[in-house]
Amino acid sequence: MRRSRYSPARLRVLRIRRRHSSLGRSSVAPSLLPLGAGAPFGSGRRPGHRRAALAAGTASAVAAATLVGVTLGPAPAASAGEFLVNGGFESGSLGPWSCTGNSGSVVTTPVHSGGHALAAAATAGDTAQCSQTVAVAPSTTYTLSAYVNGSYVYLGVDGGGPSTWTPGTGGGYQKLSVSFTTGANQTTATVYTHGWYGQGTYYADDVSLDGPGAPSPTPTPTPTPTPTSTPTSTPTGTPTGTPTGTPTSTPTGTPTGTPSGGHTLVGYLHASFANGAGYTRLADVPGSWDVIDLSFGEPTAPTSGDIRFNRCSTTDCPTAESDADFKAAIAAKRAQGKKVLISIGGQNGQVQLTTAAARDTFVSSVSAIIDTWGLDGLDIDFEGHSLSLDTGDTDFKNPKSAVIVNLISALKTLKAKYGPGFVLTMAPETFFVQLGYQYYGSGPWGGQDPRAGAYLPVIYALRDDLTLLHVQDYNSGSVMGLDNQYHSMGGADFHVAMTDLLLKGFPVAGNAANVFPPLPASKVAIGMPATTNAGNGYIAPAEVDKALDCLTRLVNCGTYVPRSGAQPNLAGLMTWSVNWDQFGGREFSRNFDGYFGR
């Protein structure tokens, strides 16, 4: 999930992490790794790791993601309606664009128009992100577009904005475009383009940020802060690490299954960071939410297995409640029949359990969080490079890769420790699940992304222990459905096709002898962004209802009709996030309640 974290002082630069999801591990890249229909993995391009078209924000539905070693001064708009400077690079220089690792330059060929274009060289350690920060007006809709040339080229907006990408342009220029709406107090936005690790040089030209009216006055440039995973200072009374103490309560008694019976609404609560959605106190979370995922628990280091839950400081979240009030709110929600979980990972929380020691530390540290705060269980939101398959690991039913085997072992240990009342949910991206219909790991001949389908062995091994699987159907590229057609975000069909893969099952990497079996509908929820700000792939309530109609009753279907038949026991919906839903006037949760008559 993408998420963003920034202090009020950093709000002006909006270099913030976004919600669920980042398939590439970079502090400046978007948080999702989608599949493009034009050149799917394994199509002969033999791609290396590629970047998720973020957000989440993500997911992604996120902490402050800043450009390492780059200072971006906000640039004035060129004219009313056009908010970027030197978008065609016709000045013959980069300014005011800044590129990571000095990866960018201006070239005279190939160009889309005029005499110059941007060339940026992605290496094994740098995606060659080039950015510009501009003044914008609050509560205003803008369209970002660019012509790009190369393999795995991305275009997006930092600070909770959307992103998009192309897996390859075939040697010519291709137009990418995204729209976003600024927050009520937003005065700047940072736009970017980047490539993908090891994919070489990409080109961009005629980059444009179009919006109504003249831009706001250019703000005073803010120095780029040093990226950190936690606030650099913490007020008295705010915990700086995982709290310790006597457990207040542990999950008991409730059998694994749909947490509240009937249809379930799952939402992520920004508990450890701040962003443009604003802070929501846990006690103020509306009763619509059946499962509340506290976002996020993150590791002290990617391979340590040591997970810490650091609540948002009062510096970044001035309205944050005290530890005592937070714990009391958890107890109150549980008394109302709600489930409160700790979500591990997110875009920046890379967790790689490469050793048995890391596995055991994961179990003990997650147990400490659950016991200290009195939680119902755990949500696994592993993204980026947390899960991947070793070369030759081709059978999802018998995984060999250490990070997969150790995660399965850790989750089974936690389930056994807490018993049948332990709630276990997962929020993978489409890349890690549905993409497995076409590609699994590095493939029989190597060259594919080893993360493709990497969640499948985890889901399979824990299918009996799993409470809910809610794949992030957002920040995703086009993915093939059971009709062997590519489906893209933007309407009900995408959610229907992606969910049907889970409800019907599918041959992994097209191998009819290696079928991922269907999951019970009561264990499957659909992940959607709550608002246009929350992530790429938002759909209006009418389209949400169409997807639910089609999946649960086989009515109101579009071009895709589920092979799994009507599934009235479909668990429900998940969204990034509770905060963004509050920000958007509760459109998502109110629509859910209305649809199911709650």
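**View 1. F422 is a buried residue with a ring partner.** In this predicted model, F422 has a relative accessible area of 1%. Its partner here is Y418, and the two ring centres lie 5.4 Å apart. The planes of the Y418 and F422 rings meet at 10 degrees; angles under 30 degrees count as stacked, so this pair is a stacked one. Y418 has a relative accessibility of 9%, and because buried means under 20%, Y418 counts as buried too.

View 2. Welcome to another of the aromatic pairs, of which the structure holds 25. Between F326 and W373 the centre-to-centre distance is 5.4 Å, and the planes are 85 degrees apart.

**View 3. K327 places its charged end over the ring of W373.** Stay with W373 for a moment: the charged end of K327 is 5.8 Å from the centre of this ring.

**View 4. R563 and Y560 also bring a charge and a ring together.** Here the charged end of R563 sits over the ring of Y560. The distance from that charged end to the ring centre is 4.9 Å.

**View 5. Five aromatic residues form one cluster: F396, Y437, Y460, F506 and F516.**

Notes: Residues are numbered from 1 along each chain as its sequence is written. This is a predicted model: local features need pLDDT of at least 70, side-chain atom pairs count only at pLDDT 80 or more; totals for chains, interfaces and linings use all residues. Side-chain values use heavy atoms; hydrogens and water are left out. Rings of Phe, Tyr and Trp (its six-membered ring) pair if their centres lie within 6.5 Å; planes under 30 degrees apart count as stacked, over 60 as edge-to-face and the rest as tilted. Buried means under 20% relative accessible area, exposed over 50%, partly exposed in between (1.4 Å probe, protein chains only). A charge sits over a ring if NZ of Lys or CZ of Arg is within 6 Å of the ring centre and within 35 degrees of the ring normal.
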